[in-house]
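Here is a short report on a pocket and the packing around it. Start with the model itself.

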Amino acid sequence: MDISVTLSTYKRPDILSKTLASLCVLNTKDLEWEILIVDNADDALTKNTVDTFKERIPVIYFIEKKPGKNSAMNRIIPEIKGTIVVFTDDDILADKEWLKNIWKGVKKWKNYSIFGGRILPSW
């Protein structure tokens, strides 16, 4: 597995749906990747939202009932399979080349272990 994209969410299925839709159009040619989503509310609407994307993207759904983002993210750490881990939020709109560019950056700057990137607001 090349890249594991991780995010937590809490009762924001409409926002999460937009994020997942943006991940559906990523250029992931030659990349093996997964999306690990932690629902920090055990919300039926959130689960239904994630389920609607399972045919289009490699998404895996988890539940963490202990409140807090740290608890949610700690829930999936043992499940991560990727060489590279991308921590993100449930309200992003990913650029089509997002994962490809992360992969290229990691390969280019092998002595670094933490990367960031430009974040632009979408009003």
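## Model basis

This is a predicted model: local features need pLDDT of at least 70, side-chain atom pairs count only at pLDDT 80 or more, and totals for chains, interfaces and linings use all residues. Residues are numbered from 1 along each chain as its sequence is written, and side-chain values use heavy atoms, without hydrogens and water.

## Largest pocket

The largest pocket holds about 1,300 Å³ of space. A pocket is an open set of points on a 1 Å grid over the protein atoms alone, where a 1.4 Å probe fits, with protein on both sides within 12 Å along at least five of seven lines. Lining residues have an atom within 4 Å of a point. Volume is the space filled by probe spheres set on the points, joined across faces, edges and corners.

The lining has 29 residues; Trp98, Ile102, Gly117, Arg118 and Ile119 are the closest to the centre. Helix H4 (98–108) gives the most, five residues.

## Helix H4

Buried residues (under 20% relative accessible area, 1.4 Å probe, protein chains only) of H4 include Trp98, Leu99 and Trp103. The buried residues of H4 pack against E1 (3–9), H1 (13–24), E2 (33–39) and E4.

## Cores

The largest nonpolar core has 24 residues. Such a core joins buried Ala, Val, Leu, Ile, Met, Phe, Trp, Tyr and Cys residues through side-chain atoms within 4.5 Å. Ile3, Leu23, Trp33, Trp98 and Leu99 have the most contacts inside this core. H4 supplies its largest share, four residues. A second, separate core of six residues includes Leu36 and Met73.

Notes
Helix = DSSP H or I, 4+ residues; strand = E, 2+ residues; numbered from the N terminus. Buried < 20%, exposed > 50% of the residue type's maximum accessible area, 1.4 Å probe, protein only. Contact = heavy atoms within 4.5 Å.
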